[in-house]
Amino acid sequence: MDMSIVLQAGVATGTALLFATLGELLAERSGIMNLGVEGMMLLGAMAAYWVSAHYGVPWMGVIIGMLAAGLISQIHAFITINLRADQVVSGLSLNFLAAGVSVVLGEGLNSIKGVAILPSFTIPLLSQIPWIGKIFFTNQGILVYIGYLVFPLVWYFINRTRQGLHLRAVGEFPAAADSLGINVYRMRYLYVFIGGLFAGLAGAAISLSISPGWFSEKTTSGEGWIAVGLVIFAQWNPIRAAFGAYIFGALRRLVLDIQGPMMILGLANPFYYNPYFGFFLQMLPYAFTIIVLVLGSREAIKKRIGTPAALGIPYIRGERGM
Amino acid sequence: MPKEEVPDLKVIAHMQGIRKRFPGVLANDQVDFELREGEVHALLGENGAGKSTLMNILAGLYHPDSGTINIRGKQVSFNSPQDAIKVGIGMIHQHFMLVPSQTVTENVLLGLNDPPFIINLKDYDDKIRQLGERLGLIVDPRAKIWQLTVGEQQRVEILKMLYRGTNVLIMDEPTAVLAPSEIEDLFLTLRKMTAEGKSIVFISHKLNEITEISDRVTVLRRGKVTASGINTRETTREKLAELMVGREVLFRIDKKPVKPGDVVLSVENVQAENDKNLQSLRGLSLQVRAGEIVGLAGVAGNGQSELAEVITGLRKCTAGKICIHGQDTTNQSTLTSIRQGVSHIPEDRTHVGSAPNLSITDNVIMKNYNQQPIGMGWLINSLAANRFATKLKDEYEITAPLINTPVRLLSGGNLQRVILAREISSKPKLMVAVQPTRGLDVGAIEGVQRLLMQQREAGAAVLLISEELEELLSLSDRIYIIYEGQIMGEVTDGDIRKIGLMMTGTPLDKIGKEITEEDGK
């Protein structure tokens with residue numbers, strides 16, 4: 001088993017996680033948790049693949065996939081921002097809605113042959129760097145390369161720009177932002193929408209580049225949930241989010257690939273001979289997500305790792321404190 | 001005042017015939033208010049007199065039902081605080097509007113359109129530092145808000161307004177959260193600002209501060225002006241109090257001599273952490289005897305709330321020992337401390353002290369629901385519960401339509417009476433009262449203080465934690481001063497100078513020297 005090939009595939013898998021995580025991170029930084037990431041990713045993946053299958057233009061698919069997920073996220077925005085409903089409940093419902101819509105509309109898509117997908121290529125000089133060149137810059141999809149650029153930009157945006165400053169203020173202490181003329185509601189709508197766009201992009205990256213095709217709800221196979229966990233794991237920091245996404249991506253690939261060879265390091269591969277070990281491995285990323293989520297929800301830990309202070313709390317003008 | 005001799009003083013803001021009605025109350029009734037250039041204008045009145053409403057109108061937060069506002073002779077109509085800031089009016093609210101996780105500079109820049117996109121914080125750090133130094137507002141621009149003291153946070157709020165070019169600064173009860181030395185610094189800054197021609201509205205109900213800092217005073221009572229722009233020099237504290245309350249006010253509470261009995265509460269070297277897992281109590285010891293009120297003075301956030309929670313069993317201590325009547329109750333449940341006769345008047349009335357959506361009855365039986373006659377095995381005798389609640393409602397003069405009114409509908413004073421009724425009716429041996437009169441009007445404050453005095457006479461030990469020095473001085477037999485989770489010392493003679501020094505971190509044994517040195521000079 002060639003480790004660098006596993007890692008190379010892991011980076012590609014991690015790219016979808018990265019986009020979904022960054023989107024959720026931005027929405028949560030504005031104070032809105034959206035648990036519908038998985039559903040929005042599915043919708044994005046389906047819409048992107050559908051457009052590419054029918055019109056043959058994968059880029060158009062990416063854009064339509066992003067817009068579809070962005071638009072459906074606004075339902076969650078309306079319910080949590082204006083109607084002030086519980087964000088967890090609303091997010092879960094959005095997840096079921098978006099997933100259901102995708103599965104129904106995506107019926108029969110998998111039988112279409114020869115759907116155009118996004119290009120993959122090798123970057124000339126960078127791919128010559130030993131190890132790193134092979135893992136990161138050889139024969140990757142174009143969205144993987146875009147991913148390398150996006151996460152530092154998101155970090156820069158949050159920490160070094162006026163709009164980022166306003167975003168952080170809205171998520172930490174909306175009353176302060178409001179008192180200085182920042183429209184808290186509009187900001188939250190905007191960032192939930194951006195979160196949707198990112199989730200759609202993540203979905204499109206899967207269906208048109210990473211593992212092309214439409215396999216119903218198995219297309220994303222729970223990556224949206226891992227993204228929600230990764231936001232907490234990343235402590236709302238885009239750089240950490242990127243690390244987490246690539247590590248998780250590699251883990252997922254490793255779990256698949258380790259079951260292939262009969263021998264590892266000259267020993268019999270237990271994962272090859274005993275399928276139960278394989279099932280156990282496949283469970284690990286999800287188990288890890290659950291652990292991270294459970295830890296993250298504990299108030300004490302919440303305070304130490306810098307959750308946006310107003311996360312999950314509806315903003316009502318004139319209420320004291322928040 | 002030399003200013004008074006100038007014939008046509010420039011009027012900056014003129015409010016005329018302001019009316020504002022909220023559901024159930026007429027907060028402002030035909031109020032006139034005039035602010036001149038370069039003056040500190042105090043706005044005096046009890047809680048609920050309409051001071052904050054009037055200034056919220058001037059700051060653009062509320063829209064008046066009728067009346068006009070003229071700024072430099074031009075009529076204006078504000079739809080938001082931004083409109084007011086545009087003509088140079090800024091307000092600093094009692095609850096600071098600062099983002100705790102961001103730096104001073106970031107908070108000052110928040111909401112501005114300049115810089116348009118990329119912020120190079122270093123450039124602005126210097127600009128803000130210089131602005132602050134000019135007016136004595138010393139604060140590190142790169143510090144995060146949560147690292148600052150309340151006094152420093154207030155400076156950030158002032159800087160925020162000055163950076164926006166404010167020349168009318170409205171401050172709502174600015175001294176309520178400050179230590180005596182910080183109040184002096186604030187006053188120095190205010191004087192520097194008025195010297196530059198800026199005007200300040202100083203909302204307060206503290207007479208001594210008003211007489212010290214203001215040039216003129218406007219007094220409000222129940223939404224109406226009782227004195228309009230009178231010269232502070234030409235009035236007295238007593239006269240202002242009368243204008244404010246509408247009757248003569250006694251500044252002393254009549255305190256009967258009670259001989260302190262046995263030690264009821266003893267706290268030995270207690271350490272505890274706060275909600276952020278930072279050390280909050282650092283080896284604190286104190287004692288409270290039966291029949292005495294012991295005050296705990298200190299600037300907010302020095303461990304007072306944690307101490308109250310540790311004593312009442314709501315928070316674990318990491319070291320030390322707490323005894324009630326000689327019995328060790330360290331890290332026992334709240335039920336244990338209730339059974340030991342501890343009652344608790346918590347700081348947060350609406351969330352800790354009561355269950356807002358439950359009725360008066362349900363709230364008052366929370367401590368004795370499992371005792372005869374209200375508790376019958378696993379049933380609750382609702383007739384007995386209602387009788388009990390009705391009795392307390394009359395006894396403690398709780399004004400509410402029915403005993404099954406949800407307590408969230410009660411006013412602050414009445415809610416506090418519900419809590420006091422529950423806590424006192426359990427015949428406590430130790431009472432821990434945290435800010436029991438905060439936010440209440442003068443009548444309600446008197447009532448609460450009287451109840452505490454009655455507990456003292458009945459032989460209970462009372463630990464009174466308050467930020468109101470005047471309240472502590474008039475009620476307590478002794479006062480401990482807390483600073484950063486430690487007791488700095490104990491005062492029995494009410495020496496306010498000593499208290500002030502200890503509140504800012506000088507231990508008692510070092511004070512002796514300082515004060516004698518000062519007097520020697």
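Trainee: What is the length of the polar contact that joins the side chains of S266(B) and E268(B)?
Mentor: A polar contact is a pair of N or O atoms within 3.5 Å; within protein, one must be able to donate a hydrogen and the other to accept it, and residues adjacent in sequence count only if both atoms are side-chain atoms. For the side chains of S266(B) and E268(B), the polar contact has a length of 3.4 Å.

Trainee: Is S266(B) buried or exposed?
Mentor: This is a predicted model, in which local features need pLDDT of at least 70 and side-chain atom pairs count only at pLDDT 80 or more, while totals for chains, interfaces and linings use all residues. Residues are numbered from 1 along each chain as its sequence is written, chains are lettered from A and ligands numbered from 1 in the order in which they are written, and side-chain values use heavy atoms, with hydrogens and water left out. Buried means under 20% relative accessible area, exposed over 50%, and partly exposed in between (1.4 Å probe, protein chains only). With a relative accessible area of 8%, S266(B) is therefore buried.

Trainee: In which strand is the place of S266(B)?
Mentor: Helices (H or I, at least four residues) and strands (E, at least two) are DSSP runs, numbered from the N terminus. N269(B), whose phi is positive, near 50°, although the residue is not glycine, has its place in strand β11 (residues 263–273) of chain B. The place of S266(B) is also in strand β11.

Trainee: How many residues of chain B are in contact with chain A?
Mentor: Contact means heavy atoms within 4.5 Å. By this rule, 23 residues of chain A are in contact with chain B, and the residues of chain B involved number 26.

Trainee: What area is buried between chain A and chain B?
Mentor: Buried area is the accessible area (1.4 Å probe) that two parts lose on being put together, summed over both. Carbon and sulfur atoms give 60% of the area here, and the total is about 2100 Å².

Trainee: Which residues of chain A lose the most area to chain B?
Mentor: Three residues of chain A together give 31% of what that side buries. They are R162(A), L165(A) and L180(A).

Trainee: Which residue of chain B takes part in the salt bridge with R168(A)?
Mentor: A salt bridge is a side-chain nitrogen of Lys or Arg within 4 Å of a carboxyl oxygen of Asp or Glu. Across the interface of chain A and chain B, this rule finds 1 salt bridge. The closest N and O atoms are 2.9 Å apart, and the partner of R168(A) is E106(B).

Trainee: Which element gives the most residues to the side of chain A that touches chain B?
Mentor: Between the two chains there are 10 residue pairs in polar contact, both at pLDDT 80 or more. The elements that give two or more residues to this side of chain A are α6 (142–160), α7 (162–172), α8 (174–179) and α14 (299–304). With 7 residues, the element that gives the most is α7(A).

Trainee: Which elements do the buried residues of α14(B) pack against?
Mentor: Helix α14 (residues 382–395) of chain B has 14 residues and reaches 20 Å from its first C-alpha to its last. Its buried residues are A384(B), A385(B), F388(B), A389(B), L392(B) and K393(B). They pack against two elements of chain B, α13 and α15 (412–425).

Trainee: What is the relative accessible area of E157(B), which meets K160(B) in a salt bridge?
Mentor: The side chains of E157(B) and K160(B) meet in a salt bridge of 3.3 Å, N to O. Being 3 residues apart in helix α6 (residues 150–163) of chain B, the two are separated by about one helical turn. K160(B) counts as buried at 1% relative accessibility, and E157(B) is buried with a relative accessible area of 3%.

How values were computed:
Expected span 1.5 Å × (residues − 1).
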